[in-house]
Amino acid sequence: MENIITNNSIQQEEYIVNMGPQHPSTHGVLRLKISLKGETVENIEPHCGYIHRGIEKMCERLTYQQIIHLTDRLDYLSAHTNNEAVCLLVENALQIEVPERVKYIRTILDELTRLASHQLWWCAFGMDLGALTTYFYGLRDREKILDIFEETTGARLLQSFNVPGGLMNDIHPNFIGRVKEFITYFRKKLPEYDELLTGNVILKERTTDIGLLTLEEAINYGVTGPSGRASGFACDVRKHHPYSAYDKVEFKEILYTKGDSFHRYKARVEEMWESMKILEQLIDNIPEGDYAVKMKPIIKLPEGEYYQRVEAARGEFGVYVLSTGEKYPYRVKFRSPNFSNLSAINKLGAGHKIADLVAIGGSLDLVIPDIDR
Amino acid sequence: MAFDIYDFTSFNQTIDKALYDNLPPILAMLTEMVIIGVVFLLFYALVGLFLVYAERKVCAFIQNRVGPNRVGPYGIFQTFADFIKLLMKELIPINKADKILFNLAPFIVIIASFMAIAAIPFGKGLHAIDLNVGIFYVMAVSSLGVVGILLAGWSSNNKYSLIGAMRSGAQIVSYELSVGLSMVTMVILAGSMQLSEIVEAQRNGWFIFTGHVPAFIAFVIFLIASTAETNRGPFDLAEAESELTAGFHTEYSGIKFAFFFLAEYMNMFIVASIAATIFWGGWMPLHIPGWEGFNIVMDYIPPFFWYMGKTLVVIFLMMWFKWTFPRLRIDQLLKLEWKYLLPINLFNIILMALIVLMGWHF
Amino acid sequence: MNAIINYLKELFGGIKTLLTGMKVTGYYFVHPRQIITQQYPENRKTLKMFDRFKGEVSMPHDENNQHKCTACSICEINCPNGSIEVISKQVEKEDGKKKKELDTYIYKLSMCTFCGICIKVCPQDAIVFSQGFEHAVFNREKLIKTLNKPGSSLKEKVKE
């Protein structure tokens, strides 16, 4: 008997599964090391760095105009917003007042970016939960926005349309018409999203009370964007520190208090409605004027530290620049929303099932190149 | 009845008699088996390839895209091309996998689905074997497939595969119950477990109409439970692509993967044909009592087309909800079975028994 | 009793939401005209990119095989990736003056990120984005392109 007991000392090893770096639900090369107990997730250890490109270091040898095109490649789904952060930083540091027209166009493009990003998130979220059809509906609608981008900026994803002091180009003559067309189109299609997924009882069952994040935890982890606002963290930079033309528009900051996967989902869907409202307010009122201020060919920021934040599609995107007065920055640091959002994943996912972890990852809307930079 | 022109019984008996007259009994039996085997193999391959193509087209249209359209007109040869590709692919040997079980698993899965076909009546007299416990046999055989899935998951020595196989085990054990009970409901109405007799009993109206409310409930339950049993979405937890990469068949490649793939579609076909047989009258044409002219016109449509048409409609239903719904979680899957389907099913059986007893059915 | 009502409510409410979802997908199944897929290689002839589309950097030449590049190298300095290399040569003019002229304008497509800075900073508007988007080649060397055509020369500015 005693023998059996001692022989029974087969070590109770943890059942460790590597989700990623190549896995259909991580949307990129993120590696989550998961300890399982049956189907239940005990511990999640994110390992990032698989797509680290050293962008912050590269920025130290690039001029401010050149940095912009690298910020595209952080969170590629809110490329325009990231561009804008650098431009605003340079403009504020040099105290340049950009024309109203530029502000309006930037805001419109920001909101279009946000819409496109949320649409892609919606597709991917459905796919994470196993409803593959959502993917194609979302991409179909996103295509319209990408066409608008392509016509005006020349690129569909990585626009690099901002330059310090304004924009690369004026908007295309078709731009206003196309945006209006898109809004009427998407106002018809968005209720379909609700019918297909939001109302669906399976989705509700899968996401309600899953991955709870309280307000305090959201603030502690620095979870911003729709994910943070679902927990009640009023962190909308557009509302609280308005930039560009956001002080001229009326919009609601979507706030929920529960902070589960379903409300993170809901916050994003509601934000799409708000984005369309912002677009409607701005699109008819673009003032006449120049599309850029004349800048010196070599921009040198005065010595000092600068920080500029904008509301990217996934949360607060910040750029920190330490300048020594040279044409290159001495140090650049990006505060990427996804990195902070990812940090909460162990808090959110532990104790739930594997399938829930996938849903939680989807509801956080992670973009991996933004995490690793 | 007019559809008796499509009776294959005498045709079969002639062949049978000719064989036994001219050959020694053992050889005659062997010849018959070989003929049936070849016919079914061909049928199996063709239906499998067609269903893969159909699924891809249906899901493409549902998803607002065109689907395969490069190989042949409307891409009809796409699946043949895919099949050839899979045949030529390398069978990757897995280190530290249990070699025998690993190689055995796909065969178990495919043989299980192959055996179930034998009992299905495609027309009057057109079945390989007409067991007097046909439904029982089909249920028993089609649930053998899970053994293959469990073996595949266990022997691949892959953590994802193991989780997938365990999920599949839990899933099939519980949903088998609902499939069985919903069939029992219909057996009460038919009064027989022999598939040919069940079809005959629907001569004057399909069970879904004659059995009205309980039959419809049983049909819905059967559809849900059998979708779960065949591991198809929204119950495809065993292979849950976004969670377990490919679940139990992660490590399989080439033709072994094709076996799993084909078996999934064939299981769907079998389940749909059982649904068509016991709820929608199998090969029995649509008869409306009193409309003699209409009934005769319907009778001239060959029973095989009736059978295939009904089966394809059921398959389409299964595809439709696969491509609409998100996947359930494992505990919700079990909750759905034990909390909803099972009590409703038991209640439904009592209802059906009552209706049959009181003669309230049509 | 309440429990049973709740149970049934939950059940039928759930079924209703599932049916609304199926309605949406069913609608698209029976409306194949809503498909917007473009049949790419077939529609190549009619496919027109937007005029601002950033395909690749190119240097327009006029009918006399003349371009506008003065080999000032501003684009090369401004390129964040080092994908442009301007090689100039000293040419002796008829009046004996030495003048810098473009020899080869090397553009490495493989390194380009299409940020558009080179085109924005060019003082002569000598380079533009062309609409070509089919960049796939079998050999990496083919992505290193010479933009000025052989035998081309600088277009003299017309004095007003």
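Q: Which elements does the cover of the buried residues of H2(B) include?
A: This is a predicted model: local features need pLDDT of at least 70, side-chain atom pairs count only at pLDDT 80 or more, and totals for chains, interfaces and linings use all residues. Residues are numbered from 1 along each chain as its sequence is written; chains are lettered from A, and ligands numbered from 1, in the order in which they are written. Helices (H or I, at least four residues) and strands (E, at least two) are DSSP runs numbered from the N terminus. The cover includes H6 (133-153) of chain A, H3 (78-88), H12 (254-279) and H14 (303-322) of chain B, and H1 (2-29) of chain C.

Q: Which residues of H2(B) are buried?
A: Buried means that 20 or more other C-beta atoms, placed from the backbone, lie within 10 Å of the residue's own. In H2(B) these are B:Val47, B:Gly48, B:Leu51, B:Val52, B:Tyr53, B:Glu55, B:Cys59, B:Ala60, B:Phe61 and B:Ile62.

Q: How many Å apart are the end C-alpha atoms of helix H2 of chain B?
A: The expected span is 1.5 Å times one less than the number of residues. H2(B) has 38 residues (25-62), so it should span 56 Å. The end-to-end value agrees: 54 Å.

Q: Which residue just after H2(B) takes a positive phi?
A: The phi is about 65°. The residue is B:Asn64.

Q: How do the residues on the side of chain A that touches chain B divide?
A: Contact means C-beta atoms, placed from the backbone, within 7 Å; 27 residues of chain A are in contact with 23 of chain B. Ala, Val, Leu, Ile, Met, Phe, Trp, Tyr, Cys and Pro count as nonpolar, Asp, Glu, Lys and Arg as charged, and the others, Gly among them, as polar. The chain A side divides into 14 nonpolar, six polar and seven charged.

Q: How do the residues on the side of chain C that touches chain B divide?
A: Here 12 residues of chain C are in contact with 11 of chain B. The chain C side divides into seven nonpolar, five polar and no charged.

Q: What distance separates the centres of domain 1 and domain 2 of chain C?
A: Domain bounds come from an automatic or database domain assignment. For chain C it gives domain 1 (2-34) and domain 2 (49-153). Taken over C-alpha atoms, the separation of their centres is 59 Å.

Methods: A residue is buried if 20 or more other C-beta atoms lie within 10 Å of its own, exposed if 12 or fewer, and partly exposed in between; C-beta atoms are placed from the backbone. Two residues are in contact if their C-beta atoms, placed from the backbone, lie within 7 Å.
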